[in-house]
Amino acid sequence: MLLSPEVLQGIVEGTVELAFRCWERPRVKVGTRLRTFVGLVEVLAVDVVTIDQITEEQARLAGSGSRAELVDELSGWSAKGPVHRVRLRFAGPDPRIELRNRGDLSREELAGLKARLERMDRSSTVGPWTRPVLELIQDSPGTRAADLAALLTRETLPFKRDVLKLKELGLTESLEVGYRLSPRGAAYLAATE
């Protein structure tokens, strides 16, 4: 579920609590925590409403200037399915940020990371990839994903999915262009050379 930067900021500030989407079926579930650039946004409720049920207050809580503005926007999307009202709340910072900033790895953490990366390498159709990707990112921070993938003779989208797996472990972080190793990623590489 995509949310604009203005809506995300409103969620953090508590001025935005709702989103309205036209979907054939719900695309988010209650309890889902969406990772965004402002942190985690939790889905508290999802229900189907008619356009007539949307109030001026609900439009305001969705970050719209007015009910008429929101209704006009939804009317353009109504062919995609019924209107879903999604209740949202800010659920705190992205836990990966704290994780990636921890460069002091305990023996247990190091062993766990090593085992996890080895499993990822074993289950990969391209063979061992985790260390080469980490080293490439270390040597070429801020390089476009397509350029990094080409250096490894890989397709860009699968390469990006693999980097996302490393990001989930707190080893890399995305930049406006490309990636860089996090302190945790640098510590892992240094400890396993």
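## Strands and their partners

Two strands count as paired if DSSP finds at least two bridges between them. Strands here (E, at least two residues) and helices (H or I, at least four) are DSSP runs numbered from the N terminus. This is a predicted model, where local features need pLDDT of at least 70, side-chain atom pairs count only at pLDDT 80 or more, and totals for chains, interfaces and linings use all residues. Residues are numbered from 1 along each chain as its sequence is written, and side-chain values use heavy atoms, with hydrogens and water left out.

Strand E4 (residues 83-92) pairs with strand E3 (residues 39-49) in the antiparallel sense over nine bridges, and Val43 stands opposite Leu88 in E4. E4 also pairs with strand E1 (residues 18-22), again antiparallel, over five bridges; there, Phe20 stands opposite Arg85. Seven of the ten E4 residues are buried, so this strand is largely enclosed by the rest of the structure. Buried means under 20% relative accessible area, exposed over 50%, and partly exposed in between, with a 1.4 Å probe and protein chains only.

## Two nonpolar cores

A nonpolar core is a set of buried Ala, Val, Leu, Ile, Met, Phe, Trp, Tyr and Cys residues joined through side-chain atoms within 4.5 Å. The largest one has 22 residues, and Leu117, Leu134, Phe159, Leu171 and Tyr188 have the most contacts inside it. Helix H6 (130-139) is among the elements giving two or more residues, and H6 gives the most, with four.

Apart from this core lies another, of 14 residues, which include Val7, Leu34, Val43 and Leu88.
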